[in-house]
Amino acid sequence: MAVGMAVVLSACGGAEEAVKVKDTLVVGQGADAKTLDPHATNDQPSSRVAVQIYSQLVETDKDMNIVPGLAESWKSLDDKTTQFVLRKGVKFHNGEELKASDVKFTLEAMIASPTVAHIVSAIDSVDIVDEYTVNVITKEPFGPLLYHLTHTAASILNEKAVKAAGDAYGQQPVGTGPYQFVDWAVGDRITLKAFDDYYGGKQAIPNVVFRNIPEGTNRAIALETGEIDIGYDLEPIDKDTVRNKENLALVEEESFSVAYLGFNTQKAPFDNVKVRQAISYAINADDIVEAVLMGAGAPSSSPIGPKVFGYNPEIDRYQQNFDKARELLAEAGLPDGFKTTIWTNDNPTRVQIAQVLQAQLRQIGIDMSIEVVEWGAFLDGTSRGNHDMFILGWVTVTGDADYGLYALFNSATHGGAGNRSFYSNAEVDQLLNQARTSIDAAERKELYGKVQVILQNEVPTFSIYDQYQNIGIQKNVLGFSMAPAGHHKLRGVSFAG
Amino acid sequence: MSQEMTLDPIQGQLEKEPAPEIVAKAAPKKRSQWLEVWSRLKRDKMAMLGLVIITIVVLAAIFADFIADYETVVIAQNLSDRLQGPSAQYWLGTDEFGRDIFARIIHGTRVSLMVGVLSVAIAIVLGGGLGAVAGYYGGKLDNVIMRVMDIFLAVPSILLAIAIVSALGANLMNLMFAIAISSVPTYARVVRASVLTIRDQEFIEAARAIGASDFRIIFRHIIPNCLSPVIVQGALGVAGAILSTAGLSFIGLGIQPPEPEWGAMLAGGRQYLRHAWHVTTFPGLTIMITILALNLLGDGLRDALDPRLKH
Amino acid sequence: MHRFILKRLLLLIPVLLGVSLLVFAIMSFTPGDPAQLILGENAPAEAVAELREEMGLNDPFVLRYAHFVGNAVTGDLGQSYTSGRDVFDEIFSRFPNTLILAALGVLIAVVIGIPIGIISATRQYSMIDSGSMIFALLGVSMPNFWLGLMMILLFAVNLGWVPSGGYSSWSSLIMPAITLGTGSAAIITRMTRSSMLEVIRQDYIRTARAKGVAENVVINRHALKNALIPVITVIGLQFGMLLGGAVLTETVFSWPGVGRMMVDAIRQKDTPTVLGAVVFLATTFSLVNLFVDLLYGFVDPRIKSQYA
C-alpha cells in the first residue's frame with residue numbers, strides 16, 4: 001500500500017522532482033551515539049548507527065531464522081565446537097580483506113571487554129583453521145550461540161584498524177558494512193556514506209545522516225517538515241498525525257521489548273505469592289496499552305515477546321478481577337491492603353504507567369506512592385534490593401529466550417545482573433540451565449515453555465505489555481524494514497523515483 | 001534566564017537590589033515607614049493588579065477543597081474521558097488521564113505556592129544569615145563565606161538539583177531544598193551589601209555602646225533594616241522558583257505524581273501540544289499570569305521602597 | 001590596571017579548586033555507579049566490579065581528586081566515561097554552538113531591551129510605559145520551553161520558514177536565539193528602565209533641561225551613558241549565564257550545545273565530563289565578568305581609577 005502510494009505520488013510530482021535527486025537519507029533518533037566501537041557500549045542509539053557500519057558472522061531474517069552474514073556457512077563439529085567458513089573477498093572500509101584472524105581478534109577482544117563480555121561469556125576459545133575458516137569453542141554446550149553472535153556487539157572488527165586508532169577507535173570506526181563513517185558533529189549528527197566495495201553490493205542511497213533529536217514531538221515535526229526521512233520511536237500521540245499525512249507512513253511492529261512491573265520478592269509483603277497474584281488481578285493492562293501507549297502494544301503474558309525464540313503462546317494472561325484480588329489479599333492476611341512505593345525512572349511512558357497502576361491498585365486498598373528515581377540511583381537501588389516495586393523493560397536483543405529469562409529469573413543473577421526481583425526458584429534455575437546447555441532446539445523450546453508457565457503463576461514480575469515499536473517514514477523511502485531488536489538496518493533502502 | 005537553571009535561577013534580578021546608599025538613607029524601622037510604603041504602593045496600578053491576582057491565587061489555594069475534591073476529582077483517573085477539550089463539564093478540559101484540568105490547576109496553587117514561598121524562605125534564612133554574618137564581622141570570615149558563595153554560584157544549579165534529588169529522592173521537600181540552595185548565594189550577596197552600609201551607622205554604634213550583644217545587634221537592628229531589598233528579591237524569587245520547578249519537571253525531576261503541580265502539568269502535557277492544546281495552554285497561562293503578578297508586585301515594591309523614586 | 005586583572009585571575013584559582021572539589025564530591029557520593037550505567041541494566045556483577053577497578057573508581061576519594069587536579073593543571077581534563085573522548089575536545093566541539101547562540105540571544109535582547117527600557121523610563125506611568133513593561137514581564141513570565149514549542153509549531157510546521165531544530169544553517173539559529181533572547185530582553189528592559197529613572201532624577205540632568213537642551217539630546221548624550229553602567233553588568237551576567245548552556249532551549253530545539261551535554265553527563269555519572277564542563281564554564285563566566293568590569297572603565301572613567 002505504502003509503496004503503491006509512493007509510486008503514484010512520485011508520478012504526479014515527477015516533473016519538478018526529477019531535477020534534484022535526493023542523495024541523503026536523514027534518520028532522526030532520540031539520542032546521539034556514545035561511541036561507534038561496538039565493544040565499548042551496548043546502548044541502542046550507538047547500535048543503531050553501528051549496525052550500518054559493521055556486519056556480523058550471522059544475521060537473523062524477519063522470522064528470526066539464522067541466515068549467513070560474513071560467514072557463508074557453519075556447522076557443529078561437536079556439541080561445543082562450531083565451525084564458520086567466511087565469505088571470501090569481503091573488504092573492510094580501510095581496504096583490508098576480512099580474514100579469520102579478524103574474527104579471532106574480535107571475539108577475544110569482546111571477551112576482554114567488561115562492557116560486552118557477558119554476550120560471549122560462553123565462549124572458551126577461538127581457533128583459526130585457515131585464512132577463511134574459524135572454530136568457536138564454548139565452555140559448555142551453548143544452545144543460543146548463533147543468536148548471541150547476531151548481536152551488534154559481536155560485529156566483526158578489523159584488527160589493524162583497531163590497533164592503529166587506539167583510544168580514538170570509537171570515533172573512527174572501520175567495518176565491513178554497507179555504509180562507512182564520514183563525520184561526527186558531536187551531539188548533532190553522524191554522517192555516513194555508501195561503501196563502494198560492500199560485499200552485498202553498493203547501496204542506492206549515497207549518504208546517510210543520523211540526527212539527534214531528543215524530544216519525540218520534535219521528531220514527528222521534523223518528519224512533517226521533511227527535515228528527516230525516517231523518525232524512530234514517535235510518541236504514541238503523534239502516530240495518527242503521521243498516519244494521516246499523505247506523504248508520510250507509519251510502520252508499527254512487534255519488538256523484543258516487554259515492559260514489566262517487578263516486585264522485590266524478598267521483601268514483605270511481596271515475598272507472598274498471593275500478594276503478587278492479587279496485584280496481578282487488580283491490573284488492567286488493556287487500559288494501560290490504550291491510555292498510555294494509544295494501542296502501541298499488546299497485553300502480555302510472558303517476560304519475552306512473541307517474536308523471541310522459546311516464547312510460549314499458550315499462557316493465559318491475568319484478567320482484571322477486583323473480587324479475586326481482594327480475596328487473595330485477604331488470604332495473605334492483608335484484607336485492608338497496605339502502603340507501598342513503586343520506583344520508576346523519569347521515562348514519561350513509565351511514569352504514566354505508574355500513575356495508571358496507582359489508580360488501579362487503589363481499588364483494592366493498596367496505597368502505592370510513585371517515586372521517580374534518577375536512572376543511576378534506580379539501577380543502584382534496585383540492584384541492592386532497596387525497592388518495593390519497580391517498572392522496567394527488557395529487550396531480548398538476541399531474539400533467544402535465554403537472553404531474557406536467564407538474566408531476569410535465575411537465582412545466580414540477583415540484583416544488577418538482571419534479576420532485580422530477587423526471585424529464587426530451584427526448579428526455574430534447573431530448567432534454565434538445562435535449556436542453555438542443550439543444543440536441541442525443540443527441547444529448548446519446551447523447557448522455556450515450562451519456565452514461562454511457572455513464572456506466570458508465581459509472578460515475580462508482572463509482564464504488562466509487549467511493546468510495539470513505531471517508525472515514521474516519508475513515503476518516498478522504499479525498502480525499509482524493522483529489526484525487532486530496534487537496530488534497523490538501512491541496507492537496501494532507496495528513494496522512490 | 002531564570003527557567004534555564006544553569007546558574008542561579010534568580011541571578012537575572014541580582015543587580016536590581018536597591019543601591020546600598022538607598023538602604024543607608026532608610027531610617028531605623030518605624031511603623032510609619034511601612035504605612036508610607038503601602039500608600040505609595042497603592043498608587044501604583046500595575047503593582048495593585050499584581051497584588052489582586054496574587055490574592056486570588058492565595059484564595060484559590062485556601063479554598064481549593066471547596067472548589068474540587070482532591071480524592072474524587074483531582075487525582076481520580078477517568079480514562080474514557082482523556083484529552084477532552086473544554087466543555088461545560090470540564091471547564092478547561094481533561095488531561096491524559098481524564099482528570100479535570102481546572103480542578104488540578106486550583107489544587108496546584110497549593111503546591112506551586114508552597115514550593116515558591118518555602119524555597120525562597122529557606123534561601124532567605126540560609127543566605128540572609130550567611131550574608132549578615134559576613135557583612136557584620138567582615139575580614140577573613142567575610143572572605144571565606146563569600147568565596148564559598150562564589151563556589152556555589154559557579155556550580156550549575158541543575159547539577160545541585162539532580163544531586164539532591166538522586167541522593168534524597170524526588171519529593172516536594174527535596175525539590176524545594178534543591179531550588180533554595182541554588183539561590184542562597186544571591187540572598188547572601190544582597191543582605192551582605194545592605195549590612196555593609198548599615199553596620200557603621202550611628203544607631204548601631206549606639207547599640208554597641210550600651211552593651212548590646214552581636215547577636216542582638218544583628219537580629220534587632222541590622223536585619224530589620226535590610227528587609228526591603230530582601231522583600232523585593234523574595235517576591236521575584238518566588239516567581240523564579242515556580243519557573244524553576246517547571247524547568248525541573250521538563251527534564252523529569254518534578255514532584256511525585258499524582259500531585260498536581262503547574263510545572264509538571266505543563267511539562268507532562270508537551271507531547272500533546274498539537275493534539276490537545278488545552279493540556280499545556282491552561283497550566284502555561286496560569287504560570288504566566290502568576291509570575292507576571294509576582295513580578296509586577298515585586299517591581300512595585302521596589303519602587304515603593306525606594307525613597308528616591310518618591311513622586 | 002594590570003595588577004587588577006592579575007588579582008582577579010588569581011582569585012579564580014581558589015574558586016575553581018572549590019568548585020571542582022564540590023562537584024567531585026557530589027558526583028562521587030550520590031547514588032549511581034558509573035560502571036553500572038556504562039554497562040547497562042543487565043550487566044553481571046563481576047563485569048561491573050571489573051570495570052570499576054579498571055576505571056579507578058575503587059581508589060580513595062582524595063586520591064582520585066588529587067589525580068584530577070594534577071592532570072587538570074597540565075590541561076588534561078581526562079576522557080569521558082561514556083564516549084571515551086577527550087573531555088577538552090568534547091567541550092570544544094560543542095562550545096562554538098553555545099557561544100553563537102548565546103551571543104545572538106543577548107544581541108536580540110539588547111536590541112529589544114534597551115530602546116524599550118529608555119522609552120518606558122522617559123514616559124514613566126504612561127500607557128507606553130505600562131504596555132512595554134507588561135510586554136517585558138511576559139518575557140520573563142513565560143516558561144521558555146513552552147515558548148519554544150509554540151514557535152516551532154507556528155514558524156516551522158505551519159509556515160515552514162525555518163527548520164524545526166538541529167544546527168544545519170543560519171536559519172536554524174533564529175528560533176532558539178529568540179527563545180533565549182526573550183527572557184534576557186525582559187530583564188534588560190527592566191534594568192534599563194529603572195537605571196534611567198534613577199539617572200533622570202539627578203541634578204545634572206535637571207540642569208541640562210533647565211538650560212534648554214533638547215530632550216533627546218539630554219537623554220541620548222547625558223543620561224544614557226550613565227544609565228548604561230548597571231545595564232552592562234546585567235548584559236554580562238546574562239551572556240555568562242547563556243554561555244553556561246540553556247538546557248531547556250537546547251532540548252526543545254535539538255541544539256548540540258554544552259548545557260545538554262552537561263545534563264546528559266550528570267545523569268550518566270560521567271564525572272570527567274561534568275567536571276570539565278563545570279570548570280570550563282566557571283572560568284568562562286568569571287572571564288566574562290572581568291571583561292564587563294573592565295568595560296566600566298571605558299564607560300565611566302571614575303571607575304577606572306579604582307583599578308589601580
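In what order do the elements of chain B run from the N terminus on? They run α-α-α-α-α-α-α-α-α-α-α-α-α-α. This is a predicted model, in which local features need pLDDT of at least 70 and side-chain atom pairs count only at pLDDT 80 or more, while totals for chains, interfaces and linings use all residues. Residues are numbered from 1 along each chain as its sequence is written, chains are lettered from A and ligands numbered from 1 in the order in which they are written, and side-chain values use heavy atoms, with hydrogens and water left out.

**Chain B as a whole**

- Chain B holds 14 helices and zero strands; helices (H or I, at least four residues) and strands (E, at least two) are DSSP runs numbered from the N terminus.
- Chain B has 311 residues, and 62% of them count as buried, meaning under 20% relative accessible area, with exposed being over 50% and partly exposed in between (1.4 Å probe, protein chains only).
- Among contacts (heavy atoms within 4.5 Å) in chain B between residues at least 6 apart in sequence, 76% join residues at least 24 apart.

**The nonpolar surface patch**

- Val58(B), Leu59(B), Ile62(B), Phe63(B), Phe66(B) and Ile67(B) make a nonpolar surface patch of about 590 Å².
- Patch residues have over 30% relative accessible area and no salt bridge; like charges are joined within 9 Å, and nonpolar side chains (Val, Leu, Ile, Met, Phe, Trp, Tyr) within 5 Å.
- Ile62(B) lies in helix α3 of chain B and is partly exposed, with a relative accessible area of 49%.

**The interface with chain A**

- In chain B, 24 residues are in contact with 27 residues of chain A.
- About 2,200 Å² is buried between the two chains, 52% of it from carbon and sulfur atoms; buried area is the accessible area (1.4 Å probe) that two parts lose on being put together, summed over both.
- Pro257(B), Gln271(B) and Arg274(B) supply 28% of the area that chain B buries against chain A, more than any other three residues.
- Three salt bridges are found across this interface, each a side-chain nitrogen of Lys or Arg within 4 Å of a carboxyl oxygen of Asp or Glu.
- Arg274(B) forms a salt bridge with Glu224(A), with the closest N and O atoms 2.6 Å apart.

Terms used: Areas by Shrake-Rupley, 256 points an atom, 1.4 Å probe, with all protein chains shown as cover.
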